[in-house]
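Dear colleague,

Here is the structure for your files. My notes on it follow below.

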Amino acid sequence: MTEDPRQALVGMYLKQLRLPAIARECGPLAREAEERGLGYLGYLQSLLEQEVTQRREHQLRHRLKAATFPYEKRLEDFDFSLIPSLPKTRLLELAQGAFLAQHENVLLIGKSGLGKTHLLIGLGRALCLSGYRVLFRTVATLATELELAHKELRLPRLLASYRKFDLVLVDEVGYLPFAKQTAELLFQFFSDRYERASVALTSNLAFAQWTEVFGDERMTAALLDRLVHRSHILVVEGESYRFRQSLQRQAEPQATS
């Protein structure tokens, strides 16, 4: 039985129009539509639903890949009961993304081992699922990228590429001090996003200690002025996850041979 020439022609048109889901499903859905008596509009609706669904899944995979999360963390997996100072409802509200339209920031401040990186990645992942473009960087990686771009005279281009993201996540601010030029480049990065696009960051230092990292007092004050303005500041307080897990392991009975 020879193939209907119209089917080959339709397949060619769908390939040219880049409609792969419709091309794949048009045959099976045509038979289903005929059996169920869906009519032309019902058949067309089924085809378009397949295409829209596939495109959404492809775009989500692309956003998650572009975000370069170091590992997968979800807000729903975080044990908020261990950090009673942290309002879960506020985090979940931020995960809806309304703050991005206002170019506001999220600052997670607290000592090491409390799960700030988990919260940062979880927030970013939730926003990816909602259709926003997110980028994850440790502050050390960000500093290296800025230094290299400055050296190669392409810093404006790099800053413009960061601007394509609705939110840049910056992890681990405060663990290492920066040289003067590096601190100035980070200042440029944060200043470039000020009231243009949002950042979310984690830091183990109170704001009064940031001069230890960025050096110059006036520049640090100007940096904090831009970051804190129109920001959601969440102070994370509690007992270290890693310390608690270490105690639990020590408390477990040792296996006997």
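Glutamate 72 and arginine 125 form a salt bridge, with 3.9 Å between the closest N and O atoms (a side-chain nitrogen of Lys or Arg within 4 Å of a carboxyl oxygen of Asp or Glu). This pair links distant parts of the chain, 53 residues apart: glutamate 72 is in the loop between helix 3 (39-67) and helix 4 (88-94), arginine 125 in helix 6 (residues 116-129). Helices are DSSP runs of H or I, at least four residues, numbered from the N terminus. Glutamate 72 is exposed at 57% relative accessibility, while arginine 125 is buried at 19% (buried is under 20% relative accessible area, exposed over 50%, partly exposed in between; 1.4 Å probe, protein chains only).

The model is predicted: local features need pLDDT of at least 70, side-chain atom pairs count only at pLDDT 80 or more, and totals for chains, interfaces and linings use all residues. Residues are numbered from 1 along each chain as its sequence is written, and side-chain values use heavy atoms, without hydrogens and water.

The whole structure has ten salt bridges. One of them joins glutamate 184 to lysine 180, with the closest N and O atoms 2.5 Å apart. Both residues lie in helix 9 (residues 180-193), four residues apart, about one turn of the helix. Lysine 180 is exposed at 64%; glutamate 184 is partly exposed at 32%. Arg74, Glu76 and Asp77 are linked in a network of salt bridges.

Leucine 17, in the loop between helix 1 (5-16) and helix 2 (20-36), is exposed at 57%.

Regards

Notes:
Helices (H or I, at least four residues) and strands (E, at least two) are DSSP runs, numbered from the N terminus.
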